[in-house]
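Subject: Structure handover

Hello,

Please look it over first; notes on what was found follow below.

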Amino acid sequence: MRALLTKIEQASGLDRFGDRLQGVVQGILRPQRVRDLLHGVWLGHPLHPAMVQVPVGSWISAAVLDLMPGQRRAATTLTAVGTLSAVPAAVAGLNDWAALSRDQRRIGLVHAAANTVALAMYGGSVAARLSGRHQLGRTLGWLGLSAAGAGAYIGGHLAYKQGAQVNVSVSDLHLISDGWHPIAELTKLPQRELVTHKVDDVSVIVYRHGDDVTVMLERCPHQSGPLGEGEVREIDGHACVVCPWHGSTFRLNGGEVVHGPSPNDQQILPTRIVDGQLETRLP
């Protein structure tokens, strides 16, 4: 399986279809508010993995009830609930997928294909159960659960091996040693401009507004974009940094994510001024 997934990551032939589908998804889900909603910006956590709990839980429960006598009606209800709830979960997943890198999108296509097969099987299962063909409905349900399980395995590879939609910048904190670290003299920091500095081997951005100074991890949590090369923009009265790669936007006075595709806040480091010297440390 590892060798197969590695081949899929490198299968450039999938890009022809994937690039077209990406354009379609981005065209349909064009409004920023819609994309932010589906990314989970409001939640501070990717929305898609939270939404899939409903269909997966319903389908597993239905499979258990299918093994028990006298549970046809309950199994049919759970199968229908899982099938209906899988649709919005898939929309959220497609929205995340469209903002990934190409090698991640290739794995994501196979993940989506497995889940599409599962959804088709469960749609057929619901239809068969409602028409009284419960044995066929159970068989299609078990086949659908197998396809969903394969999709979950591929999704795990996408998240945990390829780092899709996880906070890829937070690991930088483990490279910073304990204690306070000098950054720069406060008077030498420009006003309202992004400046990049190093804390140990970790790149951070420094932003000064009056006597208030922000020190933030420089790698974007979405795809490691260079926030130090980003644009400073005022949104709702707050100075924000916009990632130059995919447009993820974070408040400079707190690190809160304002716009996706990142659903995660960016890490701010505590600061202090000692004898005119700006210092920072681990949170």
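Buried means under 20% relative accessible area, exposed means over 50%, and partly exposed lies in between, with a 1.4 Å probe and protein chains only. His157 sits in helix H8 (residues 134-161). Leaving out residues up to four places away in sequence, His157 touches Leu5, Glu9, Ile107 and Gln162; contact here means heavy atoms within 4.5 Å.

Before the rest, some notes on the source. This is a predicted model, in which local features need pLDDT of at least 70 and side-chain atom pairs count only at pLDDT 80 or more, while totals for chains, interfaces and linings use all residues. Residues are numbered from 1 along each chain as its sequence is written, and side-chain values use heavy atoms, with hydrogens and water left out.

The chain overall

The protein chain has eight helices and 11 strands. Helices (H or I, at least four residues) and strands (E, at least two) are DSSP runs, numbered from the N terminus. The C-alpha trace spans about 80 × 40 × 35 Å along its principal axes. Of the 283 residues, 44% count as buried. Among contacts with a separation of 6 or more, 57% are between residues 24 or more positions apart.

Helices H5 and H6

Two packed helices are described by the angle between their axes and the distance between the axes. For H5 (residues 53-66) and H6 (residues 72-97), the axes come within 8 Å and cross at roughly 160°. That makes H5 roughly antiparallel to H6. The axes are lines fitted to C-alpha atoms, for helices over the stretch in contact, and angles run from 0 to 180 degrees between N-to-C directions. Angles under 35 degrees count as roughly parallel, over 145 as roughly antiparallel, 65 to 115 as roughly perpendicular and the rest as oblique.

The crossing of H5 past H6 is left-handed, a label used if the near helix is turned anticlockwise from the far one by less than a right angle (right-handed if clockwise). On the H5 side the contact is made by Val54, Pro55, Ser58, Trp59, Ser61, Ala62, Leu65 and Asp66, and on the H6 side by Ala74, Ala75, Leu78, Thr79, Val81, Gly82, Thr83, Ser85 and Ala86. By class, the contact has 10 nonpolar, six polar and one charged residues. Ala, Val, Leu, Ile, Met, Phe, Trp, Tyr, Cys and Pro count as nonpolar, Asp, Glu, Lys and Arg as charged, and the others, Gly among them, as polar.

Asp66, in helix H5, is buried at a relative accessible area of 12%. Apart from neighbours within four places in sequence, Asp66 is in contact with Ala75, Arg129, Arg138 and Trp142. Asp66 and Gly137 are 71 residues apart in sequence, with 9.5 Å between their C-alpha atoms.

Salt bridges

Side chains of opposite charge can pair when their charged atoms come close. The structure holds 10 salt bridges, each a side-chain nitrogen of Lys or Arg within 4 Å of a carboxyl oxygen of Asp or Glu. Three of them are set out here.

- Arg105 pairs with Asp19, with the closest N and O atoms 3.0 Å apart. Arg105 lies in helix H7 (residues 102-130) and Asp19 in helix H2 (residues 15-28), so the pair ties together parts that are 86 residues apart in sequence. Arg105 is buried at 8% relative accessibility, and Asp19 is partly exposed at 27%.
- Glu185 pairs with Lys188, with the closest N and O atoms 4.0 Å apart. Glu185 is partly exposed at 37% relative accessibility, and Lys188 is exposed at 63%.
- Arg233 pairs with Glu231, with the closest N and O atoms 2.9 Å apart. Arg233 is partly exposed at 40%, and Glu231 is partly exposed at 43%.

Salt bridges that share partners also join Asp15, Asp19, Arg102, Arg105 and Arg106 into one network.

Two other residues

Ser203 lies in strand E3 (residues 202-209) and is buried, with a relative accessible area of 17%. Not counting residues up to four places away in sequence, Ser203 touches Thr196, His197, Lys198, Leu217 and Glu218.

Gly123 lies in helix H7 and is partly exposed at 31% relative accessibility. The C-alpha atoms of Gly123 and Leu140 are 8.8 Å apart, with the two residues 17 apart along the chain.

Regards
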